[in-house]
Amino acid sequence: QVQLVESGGGMVQTGGSLRLSCAASGRTFVTYHMAWFRQAPGKKRVFIAAINSNGGNTVTADSVKGRFTISRGGAKNTVYLQMNSLKPEDTAVYFCAADGWGTTSADFRSWGQGTQVTVSS
């Protein structure tokens, strides 16, 4: 089992930027594919972006393409989400996921606790 910890959330005005970080601990002798999802109040968790284990392949949801970028950090099993041109509709809890591959919550086995992102108008 791998444990994930997100950081970097906060409150920002429309048009601002934030960078989320996620670090894994536990079974880190394995390099995992990793992803970001988000969940707004009263809505289901939705896919944002995923990156494979060597960083050579990324998938990004159309809703954030061109504004959000997923990347891997120098440390093993660290992933970032750079969020630019933020909009109020980006307000949500953002979750890091690992140990799987796909664009649905069911495709990943490990999850962080989430970090709140609030975009004010």
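Tutor: Helices (H or I, at least four residues) and strands (E, at least two) are taken here as DSSP runs, numbered from the N terminus. On that basis the protein chain contains zero helices and eleven strands, so that the order along the sequence reads β-β-β-β-β-β-β-β-β-β-β. The model is a predicted one, in which local features need pLDDT of at least 70 and side-chain atom pairs count only at pLDDT 80 or more, while totals for chains, interfaces and linings use all residues. Residues are numbered from 1 along each chain as its sequence is written, and side-chain values use heavy atoms, with hydrogens and water left out.

The disulfide is defined as a pair of cysteine sulfur atoms within 2.5 Å, and one disulfide is counted by this rule. The bond joins C22 to C96, with an S to S distance of 2.0 Å. The link of C22 and C96 is left-handed, with -80° about the S-S bond. Because C22 belongs to strand β3 (residues 18-26) and C96 to strand β9 (residues 92-100), the pair ties together parts that are 74 residues apart in sequence. Both C22 and C96 are buried, where buried means under 20% relative accessible area, exposed means over 50%, and partly exposed lies in between (1.4 Å probe, protein chains only).

Strand β9 also holds D99. With a relative accessibility of 19%, D99 counts as buried. Contact means heavy atoms within 4.5 Å; leaving aside residues up to four places away in sequence, D99 touches Y32, H33, D107, F108, R109 and S110.

G15 is placed in the loop between β2 (10-13) and β3. Not counting residues up to four places away in sequence, G15 touches S85 and L86. G15 and P88 are 73 residues apart in sequence, yet their C-alpha atoms are 9.2 Å apart in space. S85, one of the residues that G15 touches, lies in the loop between β8 and β9. S85 is partly exposed, at 41% relative accessibility, and has a positive phi of about 50° although it is not a glycine. Most residues other than glycine have a negative phi. N77 also has a positive phi, near 55°, and is found in the loop between β7 (68-72) and β8 (78-83). N77 is buried, with a relative accessible area of 1%.

For the chain as a whole, residues 24 or more positions apart account for 56% of the contacts with a separation of 6 or more. Buried residues make up 44% of the 121 residues. The C-alpha trace spans about 45 × 30 × 25 Å along its principal axes. As for charge, the protein chain has 12 positive and 6 negative side chains, and the centres of the two sets lie 3 Å apart. Lys and Arg count as positive and Asp and Glu as negative, while His and the chain ends are not counted; the place of a charge is NZ of Lys, CZ of Arg, CG of Asp or CD of Glu.
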